[in-house]
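This briefing is for a reader meeting the structure for the first time. Please keep the sequence and the model in view while going through the points below.

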Amino acid sequence: MTTTSAARTDQQIQRDVLAELDWDAQTRATEVAVTVNRGVVTLAGRVDSYARRWAVERCAHRVRGVRAVASDLEVDLTATDRRTDADVAIAASRALEWDSFVPAERLDVTVADGWVMLRGEVEFGFQRRTAERELRRLRGVRGLTNLIEVRPPAPPSDEQQRLDLRRLLLRRTGTERIDARVDGDTVVLDGVVGAWWQREEAERAAWALPGVREVHVGIVVSG
């Protein structure tokens, strides 16, 4: 079977990534160089915050036909956005404490030259992602490494996780065309859906499983 994403040329993907960057209010297309080789997008250039770098990468991932994104973007903070490592560390700790879904008392934050290192343990993958999301938007952050471990108190079996996820996917997306595989702390999603929201909802459902640390999404949107 030939999928819609497989039929797209590198030139079409490059054009759509640039259009997405131009459309998104959080990005500046003029700051980013985009090249595409066999569906793999490479981003290069300088942006003024880590939050903007993340927004650019998300734009590229959203485009139909993109297989992977390689980011060579450099974060060059403006004078008004520069903060000392101590200030960034204090702001990061407070941001985690204010989020009711993040067990801040179980996490450690280290900052060196604007680069934030997160360590600790949580029970759910969405808590790990939420902690990262809170910090990547802070002023003064140049980069972030998330080393938080996901350790549920009583990990269910892979087969039980798979069955729970299949029921959850059907309930949330209304389709049985998504194949889910569970291997320890990793979930792999494949299949074909008719709308982008179904792909995003499937990814959110996978992250909701206890103990999940990685989610690989190979779902194709054909519409």
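Phe101, Phe124 and Phe126 form one aromatic cluster, where rings of Phe, Tyr and Trp (its six-membered ring) pair if their centres lie within 6.5 Å, with planes under 30 degrees apart counted as stacked, over 60 as edge-to-face and the rest as tilted. The model is a predicted one, in which local features need pLDDT of at least 70 and side-chain atom pairs count only at pLDDT 80 or more, while totals for chains, interfaces and linings use all residues. Residues are numbered from 1 along each chain as its sequence is written, and side-chain values use heavy atoms, with hydrogens and water left out.

**Aromatic pairs**

- By the ring rule, the count comes to two aromatic pairs.
- Phenylalanine 101 and phenylalanine 126 make an edge-to-face pair, with 6.4 Å from centre to centre and 70° between the planes.
- This pair links distant parts of the chain, 25 residues apart, since phenylalanine 101 lies in the loop between α4 (85–98) and β4 (107–112) and phenylalanine 126 in helix α5 (residues 125–136); helices (H or I, at least four residues) and strands (E, at least two) are DSSP runs, numbered from the N terminus.
- Phenylalanine 101 counts as exposed at 56% relative accessibility, whereas phenylalanine 126 is partly exposed, with a relative accessible area of 31%; buried means under 20% relative accessible area, exposed over 50% and partly exposed in between (1.4 Å probe, protein chains only).
- Phenylalanine 126 also forms a tilted pair with phenylalanine 124, at 5.7 Å centre to centre and 40° between the planes, and phenylalanine 124 is partly exposed, with a relative accessible area of 27%.

**Packing of two helices**

- Helix α6 (residues 158–173) and helix α7 (residues 196–207) pack at an angle of about 145°, with their axes 9 Å apart; axes are lines fitted to C-alpha atoms, for helices over the stretch in contact, and angles run from 0 to 180 degrees between N-to-C directions.
- The contact (heavy atoms within 4.5 Å) is made by residues including Leu165, Leu168 and Leu169 of α6 and Trp197, Gln198 and Glu201 of α7.
- The residues of this contact divide into seven nonpolar, two polar and three charged, where Ala, Val, Leu, Ile, Met, Phe, Trp, Tyr, Cys and Pro count as nonpolar, Asp, Glu, Lys and Arg as charged, and the others, Gly among them, as polar.

**Tryptophan 207**

- Tryptophan 207 has its place in helix α7 and is buried, with a relative accessible area of 8%.
- Leaving aside neighbours within four places in sequence, tryptophan 207 is in contact with Gly125, Phe126, Arg129, Val212, Arg213, Glu214 and Val215.
- The C-alpha atoms of tryptophan 207 and threonine 186 are separated by 9.7 Å, and these residues are 21 residues apart along the chain.

**Positive phi values**

- Most residues other than glycine have a negative phi.
- Arginine 38 has a positive phi, near 55°; arginine 38 lies in the loop between β1 (32–37) and β2 (40–47) and counts as exposed at 68% relative accessibility.
- Aspartate 113 likewise has a positive phi near 55°; aspartate 113 is placed in the loop between β4 and β5 (115–122) and is exposed, with a relative accessible area of 57%.
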